[in-house]
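Colleague: Could you take me through this model and tell me what each term rests on? I would like the rule beside each value.

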Amino acid sequence: MPEEYIIEVKDLGKNFDGLEVLKSIDLQVKKGEVVAIIGPSGSGKSTFLRCINQLETATKGDIYFDGVDLLKDKIDINKIRQKMGMVFQQFNLFPHLTIEKNITIGPMKLLGKSAAEAEAECDRLLEMVGLADKKHAYPSSLSGGQKQRIAIARALAMNPEVILFDEPTSALDPEMVGEVLQVMKDLAKTGITMLVVTHEMGFAREVASKVIFMDNGYIACEGTPTEVFENNENERVKAFLQKVL
Amino acid sequence: MAFLSSLAHVFTKYGSMFGQAALLTVSLSLGTVLISTILGSLVAFMKISKNKLISSIASVYVAFIRGTPLLVQIYMVFYGLPMLGIKLPTFTFLGADFSRFSSGLIALVINSTAYVCEIVRGGIQSIDIGQTEAARSIGFNKAQSMLYIVFPQAFKNILPSLGNEFVSIIKESSQVSVIGLAELMYTTNTVRAISFTSFEPLIIVSLIYFILTFVLSTFIKKLETKMAKSNRA
């Protein structure tokens, strides 16, 4: 496979007990790209994202990451996941650990960082997401928007090549969506590769370098934000955008 | 009045025997709860294992132990171990024969492990799957996710249930008296025989059991309240 793609997906399919959620997905992602994955509910967006880091096992096709076929080559998925962060809709912070420990547990246990190194990195990340004062707090004392910013910091602490965002703002109160999107915008500028399943059309239009529209287990339309959002002749995309915009 | 003075007489005369026996009952119960917490957790991991053989072994064990009387299990250990050629060391421990103590302990552990297993399994399964997914997405393998993320949360949630299991064990340990271990119940019967009183020792022992369980339950309730406060949803 050509080396310029950090992720390449070929003819990916996924069945849940006979229900074909993903029929055939092809996608190429270059290093540093921000890919927004949009589309109606039930179109397979989240399943697709979860197949990439193997939280779901695809039933057919290939997923190449850094040139390695995740489905067919002999790989250590735990090592791969270290380079592929994920941010969840429900945050999934570890409630029994402080914010600091949430962020440092991965680097310390998996990357062999010392407590001091991990803490310094944690401080830097907390500064970046604007929550330096929450270092010693527990997740329960944070608002949804703050939790999600910490979840982003936690993913970044592993210094991943790619971050997968699974509807990162869908569980948030409207007034907290902005702060999370801002962090993601800042992140996009750093050149990290991002795949974002989202219902935030503004974010997709403004920040994404590529937008893919999923419908019924296929990618129905793909292109730059301008190509997808403006003067799109694709009927399904038009119908969807009319509903959400 | 005559009854009360008789009660006082039995208590003053045999109080130290009851004290020694209470110590034995508490040691037996505490030992049981500590060991069965560890073994019960292991059996719980076996039971939720994806390996069919391992999980079947755990399931059969739990079903069998929970489906048979503790009294039968106590007898089976006491008479079964020597038949298997296993000799438990005999020396005096807290005023009782250690081989009987350890027989009783083994039987109670075998029994309690099955119940603790179900408590732990329930605790693990009550933790949201998102916690495991988040841990796995960072790069932790299954065992690390369990060790660092799921189990600590589960354990905190099940502490009150483990405390209640402790309370049950204190009461159920009275059945170990049938193998001649001088814990509270056995001692009660001894006192009834040597003091020629049938009822007074029962009053005393019931009060001792009640104090033990009441103190423990109160402690557990306090713990629960404290945890509810710090519970970080």
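Modeller: Gladly; first, helices (H or I, at least four residues) and strands (E, at least two) are DSSP runs, numbered from the N terminus. With those names, α2, β6 (84-87) and α5 of chain A, together with α5 of chain B, each supply at least two residues of the lining of the largest cavity. This is a predicted model, where local features need pLDDT of at least 70 and side-chain atom pairs count only at pLDDT 80 or more, while totals for chains, interfaces and linings use all residues. Residues are numbered from 1 along each chain as its sequence is written, chains are lettered from A and ligands numbered from 1 in the order in which they are written, and side-chain values use heavy atoms, with hydrogens and water left out.

Colleague: What makes a space a cavity here, and what makes one a pocket?

Modeller: On a 1 Å grid over the protein atoms alone, a cavity is a set of points where a 1.4 Å probe fits but cannot get out; a pocket is an open set with protein on both sides within 12 Å along at least five of seven lines, and lining residues have an atom within 4 Å of a point. Points are joined across faces, edges and corners, and a volume is the space filled by probe spheres set on them. By this rule there is 1 cavity of 30 Å³ or more, and the largest cavity has a volume of about 70 Å³. Its lining includes A:R81, A:M158, B:S137 and B:I138. α5(A) gives the most to that lining, with 3 residues.

Colleague: And how many residues line the largest pocket?

Modeller: The largest pocket holds about 740 Å³ of space. It is lined by 22 residues, and the closest to its centre are B:I48, B:K50, B:T132, B:K142 and B:M146. α6(B) gives the most to this lining, with 5 residues.

Colleague: Which classes make up the lining of the largest pocket?

Modeller: Ala, Val, Leu, Ile, Met, Phe, Trp, Tyr, Cys and Pro count as nonpolar, Asp, Glu, Lys and Arg as charged, and the others, Gly among them, as polar. On that scheme the lining of the largest pocket has 9 nonpolar, 6 polar and 7 charged residues.

Colleague: Why is the pair B:E133 and A:R50 called a salt bridge?

Modeller: The rule asks for a side-chain nitrogen of Lys or Arg within 4 Å of a carboxyl oxygen of Asp or Glu. In B:E133 and A:R50 the closest N and O atoms are 2.6 Å apart, so the pair is a salt bridge. Across the interface of chain B and chain A the rule finds 1 salt bridge. On the chain B side of this contact, α5 and α6 each supply at least two residues, and α5(B) gives the most, with 8 residues.

Colleague: What makes A:K72 and A:D62 pass the salt-bridge rule?

Modeller: Their N to O distance is 2.7 Å, so this pair also meets the cut-off. The two sit 10 residues apart, A:K72 in the loop between β5 (68-69) and α2 (77-82) of chain A and A:D62 in strand β4 (residues 60-65) of chain A.

Colleague: How many residues does each chain bring to the contact, and how much area is buried?

Modeller: Contact means heavy atoms within 4.5 Å, and it takes 19 residues from chain B and 23 residues from chain A. Buried area is the accessible area (1.4 Å probe) that two parts lose on being put together, summed over both. For chain B and chain A the area is about 1900 Å², with carbon and sulfur atoms giving 61%.
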